[in-house]
Amino acid sequence: MARLLVTGGAGFIGSNFVHHVLDHTDHDVVVLDKLTYAGNLASLDGLPADRFRFVQGDIADPTVVDELVGGVDAVVHYAAESHNDNSLHDPRPFLDTNIIGTYTLLEAVRRHEKRFHHISTDEVYGDLELDDPARFTEHTPYNPSSPYSSTKAGSDLLVRAWVRSFGVQATISNCSNNYGPYQHVEKFIPRQITNVIRGIRPKLYGAGENVRDWIHADDHSSAVLTILDRGVIGETYLIGADGEKNNKDVVELILTLMGQPADAYDHVTDRAGHDLRYAIDSTKLRTDLGWAPQYSDFEAGLAATIDWYRNNEAWWAPTKDGVEAFYASKGQ
Ligand code: NAD
Ligand code: TDX
């Protein structure tokens, strides 16, 4: 049994991880989350009070971070500003949280000699051509495109430096696009599902040919637990489930699964600097650590996610109008 500090545990992937840990292990969990617009305490409803505690605070605040890190065995670091479109509009919070926040955590785990796992993204590698058979590996050079991905790349490099220079016991994982319950409606899949529920036509950036490599958030959680258990200190592991799809196909599948004509969507202004294609080769994680994803059927996982949004309108409704007003102001 271990005590885990999970930063960003009220966000999409962090809350999925907290549920996964409490369901599948005997670890205790403390969540540190600032509750920005992206955090939602309702995502942590119903967790056992004897194994779970929530603290509202900023990962860039050294006082709160130092006290919490001192009381746990390991830190799993999910907290971030996570949305590319927001980073194009206002990059500053991305620097504060993703760079200074990660630095603050690294100094605390260094002082207290605690295990650290850093959650990152495949976007640090930039993008691939649509017709390129290659996928990202742990050896692909860093080449981030957006303010978001460049701050994630910066945070990864800080972790590597703290391992090498100070002997911090850290691992890093870079995962592809996640889907599942508790994802904010600003993101692609929940935006389109909730649009259809509200009678709004889905919005596809540009021609919709951009490819993302989808993985269910629960598979991301099992991979992170595997790395915490058996990962080699100082190593990076790519997490992916062979789920490449272009955005047009995903929108059409959402519409079909929701009983609408497959072409009932609009093309809108493309994202500036829009990465063409992400694709993960997760051979290292599968071969060295024996991990395998459980959600191999994207259509079934998507159908379950649609049901979740249909059944949990109270969770997303308060944020929907504001998100759509923001996108409308950008022609998206
Ligand atoms: P999210 O935006 O849904 O959640 C982020 C959480 O962090 C929120 O609860 C927010 O309140 C909290 N937070 C933000 N700033 C904070 C601060 N300064 N101090 C404390 N808490 C703060 O993000 P997500 O999609 O769940 O992503 C989680 C992590 O996974 C991020 O590090 C992201 O880069 C990474 N990641 C995401 C994806 C994806 O598909 N969403 C894929 C790969 C990697
Ligand atoms: O309305 C939309 N229409 C659309 O076509 C939105 C919101 C997005 N898109 C496109 C842009 C992308 O090609 O869909 C794709 C997915 O967009 P996002 O959900 O914004 O995700 P992405 O930019 O790919 O980044 C996600 O995966 C990697 C996460 O948000 C990041 O945190 C993670 O690092």
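Trainee: Among contacts in the chain between residues at least 6 apart in sequence, what percentage join residues at least 24 apart?

Mentor: This is a predicted model, where local features need pLDDT of at least 70, side-chain atom pairs count only at pLDDT 80 or more, totals for chains, interfaces and linings use all residues, and side-chain values use heavy atoms without hydrogens or water. Residues are numbered from 1 along each chain as its sequence is written, while chains are lettered from A and ligands numbered from 1 in the order written. A contact means heavy atoms within 4.5 Å. Among contacts in the chain between residues at least 6 apart in sequence, the share joining residues at least 24 apart is 81%.

Trainee: How many helices and strands does the chain have?

Mentor: Both are DSSP runs, numbered from the N terminus: helices are H or I with at least four residues, strands are E with at least two. By that count, the chain has eleven helices and 13 strands.

Trainee: What is the radius of gyration of the chain?

Mentor: The radius is taken over C-alpha atoms, and the globule rule is 2.2 Å times the number of residues to the power 0.38. For 332 residues the rule gives 20 Å, and the chain comes close to that, so it is as compact as a globular protein of that length. The C-alpha atoms fill a box of roughly 55 × 45 × 40 Å along the principal axes. The radius of gyration is 19 Å.

Trainee: What percentage of the residues count as buried?

Mentor: Buried means under 20% relative accessible area, exposed over 50%, and partly exposed in between, using a 1.4 Å probe and protein chains only. Of the 332 residues of the chain, the buried share is 56%.

Trainee: Now the ligands. Which element gives the largest share of the shell around ligand 1?

Mentor: The shell takes residues near the ligand, with a heavy atom within 4 Å of it. Around ligand 1 there are 28 residues, the closest being Ile13, Asp33, Ser82, Tyr148 and Lys152. The largest share is three residues, and it comes from β5.

Trainee: How much of the accessible area of ligand 1 does the protein cover?

Mentor: Accessible areas come from the Shrake-Rupley method with a 1.4 Å probe. On its own, ligand 1 has 830 Å², and the protein covers 96%.

Trainee: Which residue has a polar side-chain atom 2.6 Å from an oxygen atom of ligand 2?

Mentor: Ligand 2 is surrounded by 22 residues, with Thr121, Tyr148, Arg191, Arg271 and His274 the closest. Phe188 brings a backbone N or O atom to 2.9 Å from a ligand oxygen. A polar side-chain atom of Asn247 also lies 2.9 Å from an oxygen atom of ligand 2. The side chain at 2.6 Å belongs to Arg271.

Trainee: Which elements each supply at least two residues of the shell around ligand 2?

Mentor: The protein covers 94% of the 650 Å² that ligand 2 has on its own. The elements in question are α6 (188-198) and β8 (203-205).

Trainee: Why is α6 described as largely enclosed by the rest of the structure?

Mentor: Its buried residues, including Ile189, Arg191 and Val196, pack against β7 (178-179), β8, α8 (247-257), α10 (298-311) and α11 (313-329). Helix α6 is largely enclosed because its buried residues number eight of eleven.

Trainee: What is the relative accessible area of Thr305?

Mentor: Thr305 sits in helix α10. Leaving out residues up to four places away in sequence, Thr305 touches Tyr179, Gly180 and Ile193. Thr305 is buried, with a relative accessible area of 2%.

Trainee: Where is Trp214?

Mentor: Trp214 is buried, at 6% relative accessible area. Beyond residues up to four places away in sequence, Trp214 touches several others, among them Phe188, Ile189 and Phe298. The place of Trp214 is the loop between β9 (211-213) and β10 (215-216).

Key
A polar contact is a pair of N or O atoms within 3.5 Å; within protein, one must be able to donate a hydrogen and the other to accept it, and residues adjacent in sequence count only if both atoms are side-chain atoms.
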